[in-house]
Amino acid sequence: MNKTYNIVLEAICAALITICSWISLQIMDIPFTLQTFGIFLVLFTIGGKRGTISILIYILLGLIGVPVFAGFKSGPAALIGPTGGFIIGFIFVGLCYWLLDELCFKKLKKSSARRLAFCIIEGVILEVVLYVFGVIWFMVVYTRNTGDIGLAAVLSMCVYPFLIPDLVKLIAAASASLRTHSIVKQQ
């Protein structure tokens, strides 16, 4: 595979994640971005290795001050704040997808229907990884900065409102990847 092709593809995918992070819908005072849609679309389209590299590029751009995160935020403060664990969690989502796909699912994704089903199954597993990482991070940062907070309170703030929207975004990304996956050269 051409190195230049991979570099350009990873950069385009980092830009796609950025654009999806900027798109926000406000429903009952809860902001929903397309950030996870972008993450899953990238992973399902270009695979775990290149997808994880794209996620790292996205996070490093934000870390050095490029406003790539939701709400046009950037810098170390966005990563070390209470919700920064979800952004850092994207790295683990990419790595877990890479591992799951290589060990379990890649060979099973022969037809479009099977590919869609297995992308959704992998996506649900990855959402759990993201929620666990983000919730633990949120609890640690919140406790350090504000005081003790219970798991039920954190789940009601950081997980429950997002379950259905995240599932919809996951299914949309898996469906869109059926088309985009066939266009992109695979390694």
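**Helix packing and cysteines**

Tutor: Happy to! This is a predicted model, where local features need pLDDT of at least 70, side-chain atom pairs count only at pLDDT 80 or more, and totals for chains, interfaces and linings use all residues. Residues are numbered from 1 along each chain as its sequence is written, and side-chain values use heavy atoms, leaving out hydrogens and water.

Student: How is the packing of two helices described?

Tutor: Two packed helices are described by the angle between their axes and the distance between the axes. Axes are lines fitted to C-alpha atoms over the stretch in contact, with angles from 0 to 180 degrees between N-to-C directions. Helices are DSSP runs (H or I, at least four residues), numbered from the N terminus. Here, α2 (residues 35-46) and α6 (residues 112-145) pack at about 130°, with axes 11 Å apart.

Student: Which residues of α2 and α6 make the contact?

Tutor: With contact meaning heavy atoms within 4.5 Å, Thr36, Phe40 and Phe44 of α2 meet α6 residues including Cys119, Leu126 and Leu130.

Student: And how do the axes of α2 and α3 cross?

Tutor: The axes of α2 and α3 (residues 48-63) come within 7 Å and cross at roughly 145°. Among the residues in that contact are Ile39 and Leu43 of α2, and Ile55 and Tyr58 of α3.

Student: How many disulfides are there?

Tutor: A disulfide is a covalent bond between the sulfur atoms of two cysteines. The cut-off is a pair of cysteine sulfur atoms within 2.5 Å. A search of the whole structure finds zero. For cysteine 13, the nearest cysteine sulfur, that of cysteine 20, is 10 Å away.

Student: Is cysteine 13 buried or exposed?

Tutor: Buried means under 20% relative accessible area, exposed over 50%, and partly exposed in between (1.4 Å probe, protein chains only). Cysteine 13 is buried, at 7%, while cysteine 96 is partly exposed, at 28%.

Definitions and conventions: Helices (H or I, at least four residues) and strands (E, at least two) are DSSP runs, numbered from the N terminus.
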